Amino acid sequence: MRSLPMFLRMAEEMARMPRVSPFQAFFHEPPVWSVALPRNWQQIARWHEREFAPPATVTKEGYQLTLDVKDYNELKVKVLDDSVVLVEGKAEQQEEGDAGGYSSRHFMRRFVLPQGYEADKVTSSLSSDGVLTINVPNPPAVQEALKERVVPIEQTGAPAKKNAGQVEEGSTETSKQ
């Protein structure tokens with residue numbers, strides 16, 4: 001009999017909980033996780049690409065990629081298959097002293113050039129603050145699409161919008177005729 005109040009409290013708490021079948025409870029993630037964490041590898045890949053993909057821009061000068069590589073000593077930029085740019089970076093540090101630690105980091109990023117861009121014309125430059133910029137000039141088709149043209153403005157002299165008073169006067173004049 002002493003445990004009856006405890007069972008009643010447990011029943012009240014369970015009544016307040018959302019009803020989930022054992023199947024759902026076993027195979028589905030908790031609601032908190034479903035918002036904060038990706039559910040499958042495709043979502044992880046998309047999230048990773050959004051977070052870590054460098055911004056690529058197409059300007060009048062051409063296609064441009066920028067990467068922050070200030071922490072890497074050895075850098076290589078390669079062109080593969082006439083459409084893929086491969087960037088590799090490596091950093092190694094060896095600590096002196098009793099511990100004698102060693103650390104090594106390596107990254108590899110692949111970028112597929114948009115269709116029409118010539119991989120033979122890829123250039124790269126490294127700034128003093130460690131920003132690697134990769135440029136590819138625009139092909140003629142893109143150059144034509146990005147071409148600017150100045151449109152002349154013609155002065156008409158007549159107002160485009162009439163005042164409310166002018167509209168009413170015009171409507172009364174037509175009704176009198």
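Tutor: A nonpolar core is a set of buried Ala, Val, Leu, Ile, Met, Phe, Trp, Tyr and Cys residues joined through side-chain atoms within 4.5 Å. Keep in mind as we go that this is a predicted model.

Student: Which residues have the most contacts inside the largest nonpolar core?

Tutor: The largest nonpolar core holds 15 residues. Strand E2 (62–68), strand E4 (84–94), strand E5 (102–112) and strand E7 (131–137) each supply at least two residues of this core. Within the core, the residues with the most contacts are Val87, Leu113 and Ile134.

Student: Is Thr133 buried or exposed?

Tutor: Thr133 is found in strand E7, and, leaving out residues up to four places away in sequence, Thr133 touches Gln64, Leu65, Thr66, Thr123, Ser124 and Ser125. Its relative accessible area is 13%, and because the cut-off for a buried residue is under 20%, Thr133 counts as buried.

Student: Which residue in the turn between E3 and E4 has a positive phi?

Tutor: Strand E3 (residues 74–80) runs antiparallel to E4, and seven bridges join the two; within this pairing, Glu74 stands opposite Lys90 in E4. The two strands form a hairpin with three residues between them, and the turn residue with a positive phi, of about 55°, is Asp81.

Student: Over which residues is the pLDDT below 50?

Tutor: For the chain, the mean pLDDT is 76, and 68% of the residues reach 70 or more. One stretch, which has three contacts in the model beyond near neighbours in sequence, has a pLDDT below 50, and that stretch is residues 29–35.

Conventions: Residues numbered from 1 in each chain as written. Predicted model: local features only at pLDDT ≥ 70, side-chain atom pairs only at ≥ 80, totals over all residues. Heavy atoms only, no water. Buried < 20%, exposed > 50% of the residue type's maximum accessible area, 1.4 Å probe, protein only. Helix = DSSP H or I, 4+ residues; strand = E, 2+ residues; numbered from the N terminus. Pairing = 2+ DSSP bridges. pLDDT = per-residue confidence, 0-100. Contact = heavy atoms within 4.5 Å.
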